[in-house]
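Colleague: I am new to reading structures. Could you take me through this one, step by step?

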Amino acid sequence: MGSTNVSRRDLIRRTAAAGLFAVPAVGALTSCASGGGDDDKVAKGKKTAKNPLAVNEKAKLEFYVFNGGFGIGYAKHAKQAYEKQFPKASVALKATEKIQSTLQPRFNGGTPPDLIDNSGAEQMDMGVLVGKKQLTDLTPLMNAPSYDDPKKKVKDTLRPGVLEMGRFNGDPVWVMYYAYTVYGVWYSQTQLDKLDAEYPKTWDDMLALCAKAKKKGIAGWTYAGKHPYYIPFSLYPFFAKIGGREVLDAIDNLEPDAWKHPAVKAGLEAYYELYKKGYILKGTPGLDHIQSQTAWNEGKALFIPNGSWVENESKKTTPKNFEMRVAAPSGLDSSDKMPFGTLWASGGEPYIVPAKAKNPEGGMEQLRIMLGKESSANFIKQVSSLTSFDGATEGLDLPPGLDSAVKALDKAGKNIVNPRIQDWYVELQKEKIGVSCFGEMMAGRITPAETIKRAQKFTDEARKDDSITHYKH
Amino acid sequence: MQHGKYRFIIGFLIIPVAIYAMFVIWPFVQSIFYSFTNWTGLSPDFKMVGFANFAKLLDDDVFWKSLTHSLVFLLVLPLVTISLALFFAFMINVGGRHRRGAAVTGVRGSGFYKIVYFFPQVLSISIVALLFQFGYNPNSGALNAALDGVGLGALKSDWLGDPDLALWCVMAVLVWCTVGFFVVLFSAGMASIPKDFYEAALLDGANRITTFFRITLPLLWDTVQSGWVYMGILALGPESFAVVQIMTVGPSGGGPDYSTTVLPLYVYVKAFRDGQAAYATTIGVALLVVALAFSAIVLRLGRRERLEF
């Protein structure tokens, strides 16, 4: 080839350089670009006592379930119940682990399905969906008669806090949390028995027990070091127990002095003491949730902050005689504002009915069926977790962890706290406060004082950032 | 035969170029457009906001951290990987002791090494990342156990859980799984260098180091340069995203305390977790600028006279 024009080598070389253009991930983003979308809904059916939401009896229902820790067995069961009730209707039940990748284009295109379990790592941001008017108000469902008892409304059959969690601003209910999670300090009764100990009710007792365990070569605590936002599962209710609910409300409201509250300081210092005295399992900051749970199952550490899904998730590594238990956080001392038993419990598995769904009544009716006693009992049996329906546990043979969770709920009574920062400000809670504050402190890299300063700084930034939708208690 | 040459070339290129324009160039144009909007990615409505996203970018600590880490990737990864690969390839092909009958050979067992180095290339990056995640496990991982085993227990560490080490741990994985490819690539390049060059050099009394820098490297320069571009793609692209996302601390990786976050990860997190697709495209535009600057520099540095042989 001549030396003046494009030679083969040059061509290849330039192509290679041009290939760099193809690098960034931007291209992938716009592939889900915006589109129009038609808004034709199915006709409503006839409202009767058996069909209070006036569901069209022949209309199809498209139901997307998140195929995660709870599997899809319970959804199949619910689908059958729906089809039994409306024999002419059919439910297209679809399962995916990737909620966002699957459904985001359909929201953008204006053709979302009728019911979505918006859960998992690829959860769509609920605040944005609400802000952009993409969801159906579920108030008709809340005011409909409940599935088993027509005299009671659905909203009166729910566990505490579930209805409020579905609200963002004002009265409309945008989200129905189906699972009910109990957070707290998880332990093995067998292990405590071996140490001849009971679950410590005060922090002094906690430290004493950890010291005792340390002598036997057992660590006091471990946690999901790679997901340090598990730490708040026991730390937040601890704050509330020391200083009252207002402490958590101030954090949720992103108040300018939320983290400067003495209860926050006391709580953080107590946890930091676990690190300083060497009561945290060595290497914990490098463990993920499964690895830390496994270490805990193997008896390397006594306590782990976690949620009630842990029993199902760690089934394979849990020894038979483990006797899993959950307890509310130990108190600090006798000046605590809330009694021992103060517990974090809240809804999980957020179900939404999109605003542009073709059959929104069907979506709500499916939820109404799921919130019935039979479906709830089935869920509890299949995945050993509670549902938002208050009850359905009677007569069931519950596994030890879930059984202790039910007892913990009973003991807590009204003293259930529900920090909303977790669903209102995901980035702030999980990444900024979770990883960069608590994670760093528990690894001993920053002091409680620095933690407070950082957390307050992140909170202030979030309050001032107008690209984030803000909420108030 | 100059007449009609370009028409001939275009005739062949029209379909690939059209596809490239539609699936690469057009999305770029679109994303630059979206970077001036407030599109959430979760609903079809948005409005223009001018340079607001770019102003936010300048103030965003996490963005600057991601940018720094991506630049470190861009500098360190090609340098380390290509140096290592050149060394291995040289040892395999040329660096062996003189044996009778052949002036230049590889070290003993070089055929075997060539295959072994290529192994990681067969595994998908996500599997590699997962395997290394187990290896880095401070409690039961191979790395700490090995340190214990050889009596270096004092060097045990939290690896991915330690902000000072995490980024290096991640880079080590990328080096491990790409070095083999370049060993094979450079071996092929070295094989095409005529043996008499080496023989002449050896007769003149050159040692191995001199032959490497005076003969092998200059004649291999084109291949090295392509390798450099390819490593750049890898450092800014999906591979760096994958290892960081899978291996590191945090809800979507990048931790502890943002010590491992990289630009592609930050794009993903903003678009698909925080519902800020427009801001994500803004970060993407920044990534594009970095990529363009990198390719410009590589092409400029690489402009040398080529030896024909």
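Predicted model: local features only at pLDDT ≥ 70, side-chain atom pairs only at ≥ 80, totals over all residues.

Colleague: What pattern does chain B follow along its sequence?

Modeller: Start with the elements. Chain B has 12 helices and 0 strands. Read along the sequence, its pattern is α-α-α-α-α-α-α-α-α-α-α-α.

Colleague: What does the C-alpha trace of chain B span along its principal axes?

Modeller: Chain B holds 309 residues, and 44% of them are buried. Of its contacts with a separation of 6 or more, 68% join residues 24 or more positions apart. Along the principal axes, the C-alpha trace spans about 75 × 75 × 30 Å.

Colleague: Which element gives the largest share of the side of chain B that touches chain A?

Modeller: On this side, 56 residues of chain B contact 51 residues of chain A. Helices H1 (5-34), H9 (208-236), H11 and H12 (277-301) of chain B each give two or more residues. The side of chain B divides into 32 nonpolar, 18 polar and 6 charged residues. The largest share is 12 residues, and it comes from H12(B).

Colleague: Is H11(B) mostly covered or mostly uncovered?

Modeller: Look at its residues one by one. Among the buried ones are Leu263(B), Tyr266(B), Lys270(B) and Phe272(B). The count is 10 of 10 residues buried, and H11(B) is mostly covered.

Colleague: Are H10(B) and H11(B) roughly parallel or roughly perpendicular to each other?

Modeller: H10(B) covers residues 238-247 and H11(B) covers residues 263-272. Their axes lie 8 Å apart, at an angle of about 65°. Angles of 65 to 115 degrees count as roughly perpendicular. The two helices are therefore roughly perpendicular.

Colleague: What is the handedness of the crossing of H10(B) and H11(B), and which residues make the contact?

Modeller: The crossing is right-handed. From H10(B), the contact uses Ser240(B), Phe241(B), Val244(B) and Gln245(B). These residues divide, together with those of H11(B), into 5 nonpolar, 2 polar and no charged. The H11(B) side is made by Pro264(B), Leu265(B) and Tyr268(B).

Colleague: Where is Asp257(B) found?

Modeller: Its phi is near 55°, a positive value in a residue other than glycine. Asp257(B) is buried, with 23 other C-beta atoms within 10 Å. Its place is the loop between H10 and H11 of chain B.

Colleague: Is Trp159(B) buried or exposed?

Modeller: Trp159(B) sits in the loop between H6 (142-149) and H7 (166-191) of chain B. It is not a glycine, yet its phi is positive, about 50°. A residue needs 20 or more other C-beta atoms within 10 Å to be buried. Trp159(B) has 24 such neighbours, so it counts as buried.

Colleague: Which residue in S2(A) does Glu62(A) stand opposite?

Modeller: S2(A) covers residues 91-96. S1(A) and S2(A) pair in the parallel sense over 6 bridges. Opposite Glu62(A) stands Ala92(A).

Colleague: What separates the C-alpha atoms of Ala250(A) and Lys472(A)?

Modeller: Ala250(A) is in helix H11 (residues 245-252) of chain A. It is buried, with 21 other C-beta atoms within 10 Å. Leaving out residues up to four places away in sequence, Ala250(A) touches Glu255(A), Ala258(A) and His261(A). Lys472(A) is 222 residues from Ala250(A) along the chain, and their C-alpha atoms are separated by 9.3 Å.

Colleague: Which residues of H20(A) make the contact with H12(A)?

Modeller: H12(A) passes H20(A) in a right-handed crossing. H12(A) brings Val264(A), Lys265(A), Leu268(A), Glu269(A) and Tyr272(A). The contact residues divide into 5 nonpolar, 1 polar and 2 charged. H20(A) brings Pro448(A), Thr451(A) and Ile452(A).

Conventions:
Residues numbered from 1 in each chain as written. Chains lettered and ligands numbered in written order. Axes fitted to C-alpha atoms, helices over the stretch in contact; angles between N-to-C directions. Helix = DSSP H or I, 4+ residues; strand = E, 2+ residues; numbered from the N terminus. Parallel < 35°, antiparallel > 145°, perpendicular 65-115°, else oblique. Left-handed = near helix turned anticlockwise from the far one by under 90°. Contact = placed C-beta atoms within 7 Å. Nonpolar A, V, L, I, M, F, W, Y, C, P; charged D, E, K, R; others polar. Buried ≥ 20, exposed ≤ 12 C-beta atoms within 10 Å, placed from the backbone. Pairing = 2+ DSSP bridges.
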